[in-house]
Amino acid sequence: MRKDTPKHQGLRNQLVSILKEKGIENEAVLEAVGKVPRHLYVDSSFEQFAYKDQAFPIRANQTISQPYTVAFQSDLLGVGEGDKVLEIGTGSGYQAAVLCEMGVKVYSIERQKELFDHTRELLQQLGYRPTLKFGDGYKGMPTYAPFDAIVVTAAAPNVPNALLAQLKVGGRLVIPVGEVGEVQRMYCITRKDEKSFSRAVHGDFRFVPMLSDKE
Ligand code: SAH
């Protein structure tokens, strides 16, 4: 296991300052980013860049999201201590760890077996206890529904109905919607009551695609 040192803590504090300058104000989110050792979620060859506000390649041709994107999505969820959040796209586990540090009960789905196995072990070693599932995020996790919020960390061609159905009334779905290879729009969809939803759109982002059944 690689180490977390005072030097890494210093770099994390600088990253938090950068996120503040870019407009992130949510204290719980900033505090969590200040605690999670991002360098342990990337391959050792990328470790020196881990506290730059950038996305990086991880296993299975995927990426670890940019810290700004993680902070932005975490803020939009509108959740805190004890809330239940479902994440689609566990990837490196970094977003899941940030939510765990915020006191959230995290459920997360990943469809790449290699990543799922690696990240499950890593999160356990680092002391996080999210509920992880290997499978297709388009279906959500009906067994544990409803959720206070759902965050999708891959580019979705549309808003999956199964995910809307697993939201509590008042809960939010934060999902980047758009064609693969182009920019996506960050939607924040709130369940107003059993039958109706409202939608806000928040700027452009770039994600790897949300794929359906594994070929
Ligand atoms: N939250 C991650 C971001 C990983 S990138 C992090 O913090 O690092 C997006 C992830 O979504 C990839 O790991 C990809 O394999 C996964 N993914 C894509 N389609 C999926 C689907 N249908 N169900 C579950 N995971 C999916």
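This report covers the nonpolar cores, the backbone and the aromatic rings of one protein model.

The model is predicted: local features need pLDDT of at least 70, side-chain atom pairs count only at pLDDT 80 or more, and totals for chains, interfaces and linings use all residues. Residues are numbered from 1 along each chain as its sequence is written, and side-chain values use heavy atoms, with hydrogens and water left out.

## Nonpolar cores

A nonpolar core is a set of buried Ala, Val, Leu, Ile, Met, Phe, Trp, Tyr and Cys residues joined through side-chain atoms within 4.5 Å. Buried means under 20% relative accessible area, exposed over 50%, and partly exposed in between (1.4 Å probe, protein chains only).

The largest nonpolar core holds 46 residues. Within this core, L19, I24, Y41, L77, V85, Y94 and L99 touch the most other members. Helices (H or I, at least four residues) and strands (E, at least two) are DSSP runs, numbered from the N terminus. Several of them each supply at least two residues of this core: α1 (6–21), α2 (27–35), β1 (56–58), α3 (67–76), α4 (94–101), α5 (113–125), β6 (147–152) and β8 (184–191). Helix α4 gives the largest share, six residues.

What does L19 touch, leaving aside its neighbours within four places in sequence? L19 is in contact (heavy atoms within 4.5 Å) with I24, L30, V33, D53, P67, Y68 and A71.

Another core lies apart from the largest one.

## Backbone

The peptide bond from A145 to P146 is cis, with omega near 0°. P146 sits in the loop between β5 (131–134) and β6.

Two residues other than glycine have positive phi: A60, near 55°, and N61, near 65°. A60 belongs to the loop between β1 and β2 (62–64), and N61 is also placed between β1 and β2. Is each of them buried or exposed? A60 is partly exposed, with a relative accessible area of 22%. N61 counts as exposed, at 74% relative accessibility.

## Aromatic rings

Rings of Phe, Tyr and Trp (its six-membered ring) pair if their centres lie within 6.5 Å. Planes under 30 degrees apart count as stacked, over 60 as edge-to-face and the rest as tilted. This rule gives eight aromatic pairs. Two of them are set out here.

| Pair | Centre to centre | Angle between planes | Arrangement |
|---|---|---|---|
| Y107 and F147 | 5.4 Å | 65° | edge-to-face |
| F116 and F134 | 5.7 Å | 45° | tilted |

Y107 lies in strand β4 (residues 105–110) and F147 in strand β6, so their pair ties together parts that are 40 residues apart in sequence. Both Y107 and F147 are buried.

F116 lies in helix α5 and F134 in strand β5, so this pair links parts that are 18 residues apart in sequence. F116 counts as buried, at 8% relative accessibility. F134 is partly exposed, at 39%.

F46, F49 and F56 form one aromatic cluster.

Lysines also meet rings of the tabled pairs. A charge sits over a ring if NZ of Lys or CZ of Arg is within 6 Å of the ring centre and within 35 degrees of the ring normal. The charged end of K84 sits over the ring of F147, 5.3 Å from its centre. For K113, the charged end sits over the ring of F134, 5.6 Å from its centre.
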